[in-house]
Amino acid sequence: MPVPRIISGIVAVILALGMILLGGWYFTVGLGIIIYLAQLEYVQLVRAKGIIPSAKNTLVLSLILLAISTVSSTLADAMLPLAGTWICFYLLFKPKMATIADISASILGLFYVGYLPTFWVRLRGIENAEYSNLPFGGFWPENWHHLTQIPQGLTITFLSFCCIWAADIGAYIFGKCLGRTPLSEISPKKTVEGSVFGISGSVLVATIGSWYLHWPTWPATGIILGLLIGIAGLLGDLTESLMKRDAGVKDSGTLIPGHGGILDRTDSYIFTGPLVFYFVTLILPLLPN
């Protein structure tokens with residue numbers, strides 16, 4: 001693995017761990033910076049196809065959705081159709097007539113880069129209010145030797161990130177060493193073998209986490225969660241690869257040495273956040289102890 005890729009990966013992990021640990025508005029601001037940069041890259045991909053989205057409106061509304069999600073997830077869900085309606089109205093009255101592609105790309109940017117990532121804020125926010133001990137809803141462990149009194153959202157978010165990291169590392173290493181069968185024309189470098197080992201890594205980490213957290217029927221719970229995260233991460237990666245392939249570019253940007261752009265590094269997280277959030281809030285409580 002190239003040295004710049006390793007170094008930038010380590011820096012990204014440290015920053016992610018800091019965001020997850022602090023939570024509250026610290027997590028929101030960090031995620032907001034990522035969404036801002038990702039929206040800029042998304043707009044570049046779209047414009048490479050000759051499409052002119054409502055870039056400023058989509059960007060501002062994405063950040064508003066993120067901020068509202070920190071306060072109320074219900075209000076954020078109500079905000080999404082209103083934001084989409086505003087974008088459509090704005091494009092209707094532009095001096096130059098908008099196209100179907102302009103409207104579609106704008107709404108996709110709002111949903112894909114703006115709305116879906118807000119579920120990470122919601123996930124991290126579970127029980128955060130009860131444990132917050134810093135300004136702006138932040139959290140810092142008071143005793144590092146006995147980390148028992150921590151928000152559930154912190155634990156689950158950390159576990160989810162570890163599953164994604166395990167899937168990425170497993171797919172990369174085993175794909176390089178054992179990969180023989182191409183997975184899809186969308187991403188020629190991806191192999192079936194690498195994908196299987198990547199998803200298996202996610203399942204292994206999720207199962208260990210499920211056991212540690214004493215979740216009901218922990219083997220099955222861990223396997224289901226690991227599969228959800230592993231498969232969603234893979235599909236997110238392929239979705240972004242499809243957009244890059246259609247736009248005729250290799251990477252979405254050049255911000256991160258050895259990794260490309262923000263979208264190149266966060267594509268595995270976009271579809272994962274909502275699935276994990278609803279798994280924890282809707283499915284987990286229904287399972288027998």
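The model is predicted, so local features need pLDDT of at least 70 and side-chain atom pairs count only at pLDDT 80 or more, while totals for chains, interfaces and linings use all residues. Residues are numbered from 1 along each chain as its sequence is written, and side-chain values use heavy atoms, with hydrogens and water left out.

**Annotated spans and helix H5**

- The unreviewed UniProt entry marks "transmembrane region" at residues 6-38, 74-93, 100-121, 154-174, 195-212, 218-236 and 269-287; such annotations may be inferred rather than shown by experiment, with feature names shortened and positions given in the numbering used here.
- Residues 218-236 are 100% helix and 0% strand, with their end C-alpha atoms 26 Å apart. (Helices, H or I with at least four residues, and strands, E with at least two, are DSSP runs numbered from the N terminus.)
- For residues 269-287 the figures are 74% helix and 0% strand, and the end C-alpha atoms lie 25 Å apart.
- Helix H5 (residues 100-115) has 16 residues and spans 21 Å from first C-alpha to last, close to the 22 Å expected at 1.5 Å a residue; that expected span is 1.5 Å times one less than the number of residues.
- Among the buried residues of H5 are Asp102, Ser106, Tyr112 and Tyr115. (Buried means under 20% relative accessible area, exposed over 50% and partly exposed in between, with a 1.4 Å probe and protein chains only.)
- The buried residues of H5 pack against helices H2, H3, H4, H6, H10 and H11, where contact means heavy atoms within 4.5 Å.

**Salt bridges**

- There are six salt bridges in the structure, each one a side-chain nitrogen of Lys or Arg within 4 Å of a carboxyl oxygen of Asp or Glu.
- Asp246 and Lys49 pair up at 3.2 Å, N to O. Asp246 sits in helix H10 and Lys49 in the loop between H2 and H3, 197 residues apart.
- Asp77 and Arg122 have their closest N and O atoms 3.0 Å apart. Asp77 is in helix H4 and Arg122 in helix H6, so this pair ties together parts 45 residues apart in sequence.
- Here Asp77 is partly exposed at 29%, whereas Arg122 is buried at 5%.
- Asp237 and Lys190 form a salt bridge at 3.0 Å, N to O. Asp237 belongs to helix H10 and Lys190 to strand S2 (residues 187-191), 47 residues apart.
- Glu240, Lys244 and Asp264 are joined in a salt-bridge network.

**Nonpolar surface patch**

- Ile169, Ile173, Phe174, Leu178 and Phe197 make up a nonpolar surface patch with about 420 Å² of accessible area together.
- Patch members have over 30% relative accessible area and no salt bridge; like charges are joined within 9 Å and nonpolar side chains (Val, Leu, Ile, Met, Phe, Trp, Tyr) within 5 Å. Areas come from the Shrake-Rupley method with a 1.4 Å probe, and for residues only the protein chains shown count as cover.
- Helix H8 (residues 152-178) contributes most, with four residues. Phe174 lies in H8 and is partly exposed at 33%.

**Single residues worth a look**

- Glu127, not a glycine, has a positive phi of about 65 degrees; the residue lies in the loop between H6 and helix H7.
- His214, also not a glycine, has a positive phi of about 60 degrees. His214 is in the loop between H9 and H10 and is exposed at 70%.
- Phe27 lies in helix H2 and is buried at 3%. Leaving aside neighbours within four places in sequence, Phe27 touches Met19, Ile20, Trp120, Val121 and Arg124.
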